[in-house]
Every structure is written in structure tokens, then in C-alpha cells.
Amino acid sequence: ALKSEAQVLVFPVVVAWIAFVSIFGGLAFFIAAKTDDNKKVKIFESIFFMASVTTASGLAPYNIPELPKACWWVIFVCMQLGSASIMSLYPVVVRVRSLRKVIPKHLLTLDLVRFRRVPQWVVEYKALVLLLRVVL
């Protein structure tokens, strides 16, 4: 069996990801909104709005239908990058990478149908890779 004492801290990574998407999404939203001359968009409101979109809290300082279409695309991308399905894949990716390091190369491409008994960690690796392919 595989033994590992490594511990992954998920919370700081998720917070950093939300901050990253919020800041860069806010900057993209600010630039996209500035293309429309009638909008008085502030940078901090843009970052706040993208943080709200990324975390799906629903707080909107702007009337979305009045925004330019480029802003709609920024909102859509930030919404997808902050979705729960993307966030839940982080531990899966970490586990797949850790298993890939310790499983011998010839077992990574093993066809599970041809065998009666296979180590549990090989089955786990195959299941996690399949999950990543389905979600992504």
C-alpha cells in the first residue's frame, strides 16, 4: 500500500484562486466597461463585482443588461472559473499528481479489464483520471 504523510491545505489555495480571479477579472471588467463612454465604472467596484460573481454571492453594483457585451463575457468567464466544480477539482488534481509520482510507469497504462486483482491505488488513480476527463 502507498503511505503518504503529505497534507494539502485546500483553503489557502481556494482563497488565493478567488482573489486572483477577482482581481484580474475586475481589471478586465474595468477595461471592457471603459469601452462604453457612458459608463462611470470604478476599479474597486469592478473588483468587488467580480469577487461577487466568482463566489456567486449575487451582489451586483451595476445593471448587467446595460453593460457592453464584452463585460458579459468577463462575467461569464469569472463565473465559470469560480464555480464549485472547478474548485472541487483541486484536491483531485493534487491526488492524481501524487499518485502519478509513486505508481510505476507500467501500471499507469494498465488495462483494468484484463485483471482480477489490481492494487487499490491503481484503481483510485484510474477513477480520478476518468473523473477529471468527464468534468473538464
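The model is a predicted one, in which local features need pLDDT of at least 70 and side-chain atom pairs count only at pLDDT 80 or more, while totals for chains, interfaces and linings use all residues. Residues are numbered from 1 along each chain as its sequence is written, and side-chain values use heavy atoms, with hydrogens and water left out.

Helix α4 (residues 84-102) supplies the largest share of the patch, 3 residues. Helices (H or I, at least four residues) and strands (E, at least two) are DSSP runs, numbered from the N terminus. K105 sits in helix α5 (residues 105-108) and counts as exposed, at 66% relative accessibility. On this scale, buried means under 20% relative accessible area, exposed over 50%, and partly exposed in between (1.4 Å probe, protein chains only).

Opposite charges come next. Side chains of opposite charge can pair when their charged atoms come close. The structure holds 1 salt bridge, meaning a side-chain nitrogen of Lys or Arg within 4 Å of a carboxyl oxygen of Asp or Glu. The partners are R95 and E124, with their closest N and O atoms 2.8 Å apart. Because R95 lies in helix α4 and E124 in helix α6 (residues 120-135), the pair ties together parts that are 29 residues apart in sequence. R95 is partly exposed at 31% relative accessible area, and E124 is partly exposed too, at 22%.

Helix α4 also holds V96, which is buried with a relative accessible area of 3%. V96 and V129 are 33 residues apart in sequence, yet their C-alpha atoms are 7.0 Å apart. V135, in helix α6, is partly exposed at 38% relative accessibility. Its C-alpha is separated by 8.5 Å from that of L89, 46 residues away along the chain. Over in helix α1 (residues 10-34) there is F30, partly exposed at 23%.

As for the cysteines, a search of the whole structure turns up 0 disulfides, a disulfide being a pair of cysteine sulfur atoms within 2.5 Å. The sulfur of C71 has its closest cysteine sulfur in C78, 11 Å away, so the two are too far apart for a bond. C71 is buried at 0% relative accessible area, and C78 is buried at 4%.

Most residues other than glycine have a negative phi. A56, though not a glycine, has a positive phi near 60°. A56 belongs to the loop between α2 (43-55) and α3 (69-81) and counts as exposed, at 66% relative accessibility.
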